[in-house]
Amino acid sequence: MTQTLVILPGDGIGPEIIGEALKVIEWAQEHAELDIALEHDLIGGQAYDAYGAPFADTTLEKCRNADAILMGSVGGPAWDGVDYDKRPEAGLLRLRKELDLFANLRPAIVFDALVDASSLKPEIVKGLDILIVRELTGGVYFGNPRGIEDLGNGQRRGFNTQVYTTGEIQRIGRVAFELARKRSNRVTSAEKANVMESGKLWREEITALHASDYTDVELEHMYADNCAMQLCRCPRQFDVIVTDNLFGDILSDEAAMLTGSLGMLPSASLGAPGVPGLYEPAHGSAPDIAGQNKANPLATILSLSMALRYSLERADLADLIEQSVRAVLDSGARTADIMSEGFREVSTSDMGDALVARLSKAQAAAA
Ligand code: IPM
Ligand code: MG
C-alpha cells in the first residue's frame with residue numbers, strides 16, 4: 001500500500017537541505033521500490049507569511065493522516081518581532097504537541113571519517129555512539145503559568161513553569177529502557193533533583209520504573225550539569241541518556257558537536273503506535289548561510305533514514321542510506337561545517353548528488 005510522507009521544508013536552509021533528501025527519495029522511488037506519495041506544505045515563518053499562523057489547521061490534518069513527516073528547520077530574524085504564539089518555533093511546537101510526539105530520539109554517532117572534525121581529541125570521540133532520548137511535549141516548554149507581566153514600577157517579570165507528571169516520566173522512561181535493551185543496555189537519567197521538585201519526581205519515577213520492569217538494564221542517575229560536563233570529558237561512558245525537554249535540548253546540541261557538527265545530527269519524534277513520526281535534523285535554520293548552497297544536508301538525509309526505519313518499514317533502505325553517508329565521507333567530501341585540511345569542500349547540492357551516486361553503488365554491491 002502506498003504510504004504518505006508530508007514534506008515541510010520550513011525556513012532558512014530548510015528548503016535546500018530538504019531538496020537533497022528529496023533527491024534520495026526520488027532515487028529510492030525509481031530504483032528501490034519505495035512506494036510513497038509526497039505531500040508538501042508550509043511550517044514556521046513561511047506558513048506565518050502565507051497563512052498568518054506558523055502551523056495551519058489544514059497542515060495539521062495532512063500530517064495526522066500521513067505515515068511520517070519530514071521537516072527541514074524553522075525560524076529566522078525576519079520573524080523576531082512576532083508574538084511567541086505565532087513565531088516560527090511555535091509552529092514546530094504545535095506540531096509536536098498536537099500529535100503528542102513525546103519521545104525525541106537524537107543519536108550522536110561519530111563516523112570514523114569525521115573523527116578529526118570533532119572539537120575533542122580523536123581518542124576521546126572515536127567510535128562514539130550515544131542516543132539522547134529527550135522528552136518533547138512537556139516540561140518548561142509547555143508548562144503553565146507562563147508569561148511576561150508588568151510589575152508597574154518600571155520592572156517586568158518573565159516566568160515559565162517546569163512541570164512533569166508521573167505518566168509523562170514513565171512513558172519516556174519506558175522508551176529509553178526499551179531502546180537501551182537493543183543497544184548496550186545502559187541508561188543515564190539526567191535531571192536536577194538537587195534543586196528542582198520536578199527533578200526529584202523524575203528521579204523517583206525512573207527509579208521505580210526500573211525496579212518494576214527493567215532491572216536487566218543498568219541505570220545511573222546524573223545531575224544534568226554534571227552530564228553536560230561528562231559529555232565533553234568522557235562521552236563514551238554513555239549509551240542512552242534520558243532527560244527532560246529543556247535539558248534534552250541543550251545536551252543534544254552538545255552531543256551533536258562531539259560528532260563534528262550540528263549538521264550531522266538527525267532526530268525522530270515518536271508518539272503512540274499508529275501516530276505518524278516526525279523526522280527533522282536537530283540543527284536550526286542557519287539564516288546566516290541560507291540560500292548559499294553551503295549547508296550540510298546529511299542530518300536531514302539521516303532523518304529520512306530514521307523515517308524509513310521507524311515509520312515506513314524500510315530498514316533495508318535506511319541501512320543503504322547510512323552506508324552511503326559513510327562512503328561519501330570516506331571519499332573526502334565535506335561541506336563547510338565539517339571541512340578540515342586535506343579534504344574536498346563541496347556544496348549542499350554536490351553532497352546530495354555524491355550521496356545518490358553512492359546509493360546506486362551500494363545497491364549494486366549488495367545485489
Ligand atoms: C530543537 C530546536 C527547537 C527546540 C526549537 C526550534 C523550537 O532547538 O529541536 O532542538 O527548542 O526544541
Ligand atoms: Mg535545540
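How many helices and strands does the chain have? The chain, shown here as a predicted model, has twelve helices and 14 strands.

**Figure 1. Overall dimensions of the chain in the predicted model.** The C-alpha trace spans about 60 × 50 × 45 Å along its principal axes. The radius of gyration is 20 Å, which agrees with the value near 21 Å that a compact globule of 367 residues would have.

**Figure 2. Division of the chain into domain 1 and domain 2.** The domain assignment places residues 1-101 and 296-367 in domain 1, whereas domain 2 comprises residues 103-270. Between the C-alpha centres of domain 1 and domain 2 the separation is 23 Å.

**Figure 3. The contact between domain 1 and domain 2.** On the side of domain 1, 19 residues are in contact with 25 residues of domain 2. The size of an interface is often given as the accessible area lost when the parts come together. For domain 1 and domain 2, the buried area amounts to about 2100 Å², with 66% of it on carbon and sulfur atoms. Arg 96, Leu 101 and Met 306 together supply 27% of the area that domain 1 buries against domain 2, more than any other three residues.

**Figure 4. Polar interactions between domain 1 and domain 2, and the elements of domain 1 that take part in the contact.** Eight residue pairs, with both members at pLDDT 80 or more, are in polar contact between domain 1 and domain 2. The elements that give two or more residues to the side of domain 1 touching domain 2 are α4 (88-98), α10 (298-310) and α11 (315-330). Of these, α10 gives the most, with six residues. By class, this side of domain 1 has ten nonpolar, two polar and seven charged residues.

**Figure 5. Close-up of Asp 100 and its salt bridge with Arg 171.** The count between domain 1 and domain 2 is one salt bridge. The side chains of Asp 100 and Arg 171 meet in a salt bridge with an N to O distance of 3.0 Å. Asp 100 lies in the loop between α4 and β4 (103-109), and its phi is near 55 degrees, a positive value in a residue other than glycine.

**Figure 6. The cis peptide bond between Asn 144 and Pro 145.** Most peptide bonds are trans. The bond joining Asn 144 and Pro 145 is cis, with omega about 0 degrees. Pro 145 is found in the loop between β5 (129-135) and β6 (147-150).

How values were computed:
Residues are numbered from 1 along each chain as its sequence is written. Chains are lettered from A and ligands numbered from 1 in the order in which they are written. This is a predicted model: local features need pLDDT of at least 70, side-chain atom pairs count only at pLDDT 80 or more; totals for chains, interfaces and linings use all residues. Side-chain values use heavy atoms; hydrogens and water are left out. Domain bounds come from an automatic or database domain assignment. Contact means heavy atoms within 4.5 Å. Buried area is the accessible area (1.4 Å probe) that two parts lose on being put together, summed over both. A salt bridge is a side-chain nitrogen of Lys or Arg within 4 Å of a carboxyl oxygen of Asp or Glu. A polar contact is a pair of N or O atoms within 3.5 Å; within protein, one must be able to donate a hydrogen and the other to accept it, and residues adjacent in sequence count only if both atoms are side-chain atoms. Helices (H or I, at least four residues) and strands (E, at least two) are DSSP runs, numbered from the N terminus. Ala, Val, Leu, Ile, Met, Phe, Trp, Tyr, Cys and Pro count as nonpolar, Asp, Glu, Lys and Arg as charged, and the others, Gly among them, as polar. The radius of gyration is taken over C-alpha atoms; the globule rule is 2.2 Å times the number of residues to the power 0.38.
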